[in-house]
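Please open the structure in your viewer and keep the sequence beside it.

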Amino acid sequence: MTTLSQQQLAQFRSRLETDKSNIERRLEETDHNGLGSSLRDQTGELSPIDNHPADIGTELFERGKDIALTEQEELHLSRIDAALQAIEDGSYGICRTCGEPIPTERLEALPDSLYCIQHSPRQQISTDRPVEESVLAPPFGRTNLDEHDSYNGFDGEDAWQIVEQWGNADSPAMSENPDADDYEHIGTEAEENDGFVESLESFLATDITGREVSVVRNRQYRNYIENGEGDPLLEDNFED
């Protein structure tokens with residue numbers, strides 16, 4: 001049975017009834033946060049499924065927020081109703097889990113609480129995560145094959161690099177490349193070889209038979225020599 005006095009119970013009942021009245025009035029005045037009418041009626045669109053999802057992206061975001069706010073208000077109402085019922089049956093102020101009295105200070109802060117702080121359901125933080133996350137790690141999900149030494153073909157990361165060249169919201173200051181000083185080098189692994197694996201593949205050429213090999217002295221070739229990666233003396237027709 002409750003250990004609260006009749007005066008205390010009357011005060012908590014008054015607070016709960018006032019809170020309930022305020023929430024119900026607020027939901028009525030806002031038409032349940034605008035959920036009283038359909039998204040189509042609110043936006044004036046013939047269909048909420050438009051040609052492009054971004055066409056009603058803002059409205060959809062606001063709709064989701066309104067749903068969350070309404071669910072929170074309805075949860076609060078259900079807690080208030082449960083607390084009022086507990087006052088009626090004489091169990092108000094007693095923790096439903098351990099049966100110990102709930103401190104008055106806690107009831108003053110949360111008059112709709114039916115649990116002591118040690119057994120409050122709000123302390124049970126969910127560890128559930130969206131199932132999609134299991135296939136999104138590492139970055140680019142299962143399409144990122146960098147960790148597979150036996151694969152050096154086109155993968156999901158390469159696809160992103162191509163798209164990223166057309167621009168993103170980053171600046172050189174936020175780039176993962178610490179040496180980036182302009183927008184041409186801020187992308188993911190911007191310095192990665194493009195179209196070849198080894199540096200020498202960027203300036204070696206063969207004929208149609210693949211037997212005759214020649215050296216194309218392009219910029220990649222010059223960088224290769226300047227970085228000391230090759231031995232120019234091995235070329236018969238090397239020119240300084």
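Where is the place of Ser-120? Select this residue first: Ser-120 is in the loop between H5 and helix H6 (156-164). Helices (H or I, at least four residues) and strands (E, at least two) are DSSP runs, numbered from the N terminus. Ser-120 counts as buried, because its relative accessibility is 8%. The term buried means under 20% relative accessible area, exposed means over 50%, and partly exposed lies in between (1.4 Å probe, protein chains only). Now display the surroundings of Ser-120. Leaving aside its neighbours within four places in sequence, Ser-120 is in contact with Arg-106 and Tyr-115, where contact means heavy atoms within 4.5 Å.

Some conventions are needed before the next stop. This is a predicted model, in which local features need pLDDT of at least 70 and side-chain atom pairs count only at pLDDT 80 or more, while totals for chains, interfaces and linings use all residues. Residues are numbered from 1 along each chain as its sequence is written, and side-chain values use heavy atoms, with hydrogens and water left out.

**The whole chain**

Zoom out and colour the chain by secondary structure. Seven helices and two strands are present, and along the sequence they follow the pattern α-α-α-α-α-α-β-β-α. The chain has 240 residues, of which 22% are buried. Among contacts with a separation of 6 or more, 40% are between residues 24 or more positions apart. The accessible surface of the chain is about 17,700 Å², and 50% of that surface belongs to carbon and sulfur atoms. Such areas come from the Shrake-Rupley method with a 1.4 Å probe; for residues, only the protein chains shown count as cover.

**Helix H1**

Select residues 6-29, which form helix H1. What span should its 24 residues have? At 1.5 Å a residue the helix should span 34 Å, and its end C-alpha atoms are 34 Å apart, so the two values agree. The expected span is 1.5 Å times one less than the number of residues. Within H1, display the side chains of Leu-9, Phe-12, Leu-16, Ile-23 and Leu-27, which are buried. Their cover includes helix H2 (31-34), helix H4 (57-89) and helix H5 (104-109). After H1 comes Asp-31, which has a positive phi, near 55°.

In soluble globular proteins, nonpolar side chains tend to be buried together.

Centre the view on Leu-107. Not counting residues up to four places away in sequence, Leu-107 touches Leu-4, Phe-12, Arg-15, Tyr-92, Gly-93, Ile-102 and Ser-113.

**The cysteines**

How many disulfides does the structure hold? The structure holds zero disulfides, a disulfide being a pair of cysteine sulfur atoms within 2.5 Å. Select Cys-95: its nearest cysteine sulfur, that of Cys-116, is 3.6 Å away, and Cys-95 is in no disulfide. Cys-98 is likewise in no disulfide; the nearest cysteine sulfur, that of Cys-95, is 3.6 Å away. Cys-95 is buried, with a relative accessible area of 3%, whereas Cys-98 is partly exposed, at 33%.

**Salt bridges**

The whole structure contains six salt bridges. A salt bridge is a side-chain nitrogen of Lys or Arg within 4 Å of a carboxyl oxygen of Asp or Glu. Three of them may be visited in turn.

- Select Glu-73 and Arg-26, whose closest N and O atoms are 2.8 Å apart. Glu-73 lies in helix H4 and Arg-26 in helix H1, so the pair ties together parts that are 47 residues apart in sequence. Glu-73 counts as buried at 16% relative accessibility, and Arg-26 as partly exposed at 37%.
- Select Lys-65 and Glu-62, whose side chains meet at 3.0 Å, N to O. They are separated by about one helical turn, because they are three residues apart in helix H4.
- Select Asp-112 and Arg-79, whose side chains meet at 3.1 Å, N to O. This pair links distant parts of the chain, with Asp-112 in the loop between H5 and H6 and Arg-79 in helix H4, 33 residues apart. Asp-112 is buried, with a relative accessible area of 6%, while Arg-79 counts as partly exposed at 22%.
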